[in-house]
Amino acid sequence: MAWQNDIEQWAKQIRQNNPFAARLVWDDQQIDFGAFERPLVTMYVREASALRYLLSPSLDGLGEAYVRGVFDVDGALDDVINLAYSLSRSHNKRFQTIAGYFRHSRKADKQAIQFHYDVSDVFYALWLDPQMMYSCAYFETGCESLADAQVKKMDHILTKLRLAPGQTFLDIGCGWGGLAIRAAQRFGARCLGITLSRNQYETATARVRAAGLQDRVEIRLQDYRDVQGQFDRIASVGMCEHVGVKGLPDYFRRIHGLLCDNGMALNHGITMSSADSVDAPFGAGRFIEKYVFPGGELPHVGEVLRTMQLGGLEALDVENLRRHYAQTLACWAKNFENHSEGIRQEVGEEKFRIWRVYLAGCAYAFRHDVVSIYQVLCHKAGRHADGLEWSRRYMYAGPEAGSKLTP
C-alpha cells in the first residue's frame, strides 16, 4: 500500500534519536527505529488507524492511544515516557498529511471515551503513603521513605508558619485530613479543614474521630469562599491549580480576608516553568485536562507572586521543591506498578492506564523542568519591617521551634 513507503520515510527521519520498534500487529510487520540488538521500547500497534498517533505525535495523542488500547508498549516505564517526549519534540508537519490516511475508521469513530476524575479512596490508598497525602513530599536528605518525607512536609509547612499552641489554623483543600490532624496533634492548634470531595470529607472526619481530636479539628464539606471568620495561620496545599490564572487575585484576596492582621499564610502549588504558558507542552496539558484534572491551570511562579500582591499579601519566602516532587512522583509511580493488579481490579483497565502514564509523565516533567512547584510564605502587605524575621533559620529548627508538644 502507498502509505507503507511513507511510513518508511517517516521512520528514517526519526530513527537516530528514538531507539524503539513498532510492531504492526494486524500486518505482522516490525519497523525498527535505530540500531539495536533489543529495543528499549516496543510498541504493538493493533490497528492501522492507530498509526496516526505515531505520524503526528503529541503527548495527549500517544496517551489516548495507550488508554484506548489501540497500542500497547513493552519496556521500562521511564523509557516509555522518555520516548513519548522525544517523539512529540520531533513532530514534523510534513507527516500530518500521512496521518490523515488513518484519522477515521468505523471502529475509531464508534468509540466514545469519557473519563472522570472521581476514583475511590481504595485506589489512592494503594499507591499513596499511609497518611494519604496527595501532594509533594519533603525529602530533607533525599534518603527518606515516602511516608517519612510526607510527615516532614507537614512539619516543614507548619514550622514555616510558626504555628503555635492555641492558634487557629485553616487548611484550604484539606484532602484526607493529614495536615489538620498533624497541626492539632504536634503543634496544638485549633484547626478547620475544608474540601469539596465527599469521599475526602467522610474519611477525614472518621480519622479525626479515631484520633480523638473532635475538640480541636473540624472538617467541612465547604467552598473556601463560604468560610467565615479569621485565622492565625492558613495553608493552601495543591489548591491554586484549580482556581485558574484569572481567579488568582480573588483567591488571594479571600485568603487576605480570612487572615488575622498578624497572621501568616502559605501557598503550596504547581507552576509552569515557562513564563509564557499555562499549559504543559507537547499535548500533555490536553491529556491531563481530558482524563485527570478538568479545568486545571498552572501559572508561572511570577504570576503567583504578582497576583498574591494584588490580593494584598506580601511574599516572605519562596522555596522551589521541584526535585522533591520528582522524587515524590517516582515513589508514587513505583507504588502504582507494585500494586498494579489491585488497582486494575479497583478502577478497571482504562483508568489504570490513564493514571499509570500520568504519574510517570509528571515525574518526567518535574525532573526536566517542564513544570515546577513552589511554597510561598506570605502575610498581609503593609506591615512594619520590624515584624519580619532576620533569617530563615527558624524554618529548619524543627517542629520544636513552634511547639513543645511531643508527637
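Predicted model: local features only at pLDDT ≥ 70, side-chain atom pairs only at ≥ 80, totals over all residues.
**Stop one: a helix that is covered up**

Begin by selecting helix α9, residues 178-187, where 9 of the 10 residues are buried, so the helix is largely enclosed by the rest of the structure. The buried residues are Gly178, Leu179, Ala180, Ile181, Arg182, Ala183, Ala184, Arg186 and Phe187. Then step on to Gly188, which follows α9 and has a positive phi, near 70°.

Which residues have the most contacts inside the largest nonpolar core? Select Trp127 and Trp355, which hold that place in a core of 59 residues. Helix α16 gives the most to this core, with 12 residues. Apart from it lies another core, of 28 residues, and you can find it by selecting some of its members, including Ile157, Leu161, Ala235 and Leu266. As background, nonpolar side chains tend to be buried together in soluble globular proteins.

**Stop three: a pair of helices**

Now select helix α15 (residues 340-347) together with helix α16 (residues 349-367), and look at how their axes come within 7 Å and cross at roughly 125°. At that angle, α15 and α16 are therefore oblique to each other, and α15 passes α16 in a right-handed crossing. To view the contact itself, show Ser340, Ile343, Arg344 and Val347 in α15, which meet Glu349, Lys351 and Phe352 in α16. The residues of this contact divide into 3 nonpolar, 1 polar and 3 charged.

**Stop four: a strand residue**

Next select Val41, which lies in strand β3 (residues 41-45). Is Val41 buried or exposed? Its relative accessibility is 2%, so Val41 counts as buried, since the cut-off for buried is under 20%. Select Ala76 as well, and you will find that the C-alpha atoms of Val41 and Ala76 are separated by 7.5 Å, although the two residues are 35 residues apart along the chain.

**Stop five: two loop residues with positive phi**

Most residues other than glycine have a negative phi, and the last two selections depart from this pattern. Arg162, in the loop between α8 and β5, has a positive phi of about 55° although it is not a glycine; Arg162 is partly exposed, with a relative accessible area of 31%. Finish at Asp369, in the loop between α16 and β11 (371-380), where phi is positive, near 65°, and where the residue is partly exposed, with a relative accessible area of 40%.

Technical notes:
Residues numbered from 1 in each chain as written. Heavy atoms only, no water. Axes fitted to C-alpha atoms, helices over the stretch in contact; angles between N-to-C directions. Helix = DSSP H or I, 4+ residues; strand = E, 2+ residues; numbered from the N terminus. Parallel < 35°, antiparallel > 145°, perpendicular 65-115°, else oblique. Left-handed = near helix turned anticlockwise from the far one by under 90°. Contact = heavy atoms within 4.5 Å. Nonpolar A, V, L, I, M, F, W, Y, C, P; charged D, E, K, R; others polar. Core = buried A, V, L, I, M, F, W, Y, C linked by side-chain atoms within 4.5 Å. Buried < 20%, exposed > 50% of the residue type's maximum accessible area, 1.4 Å probe, protein only.
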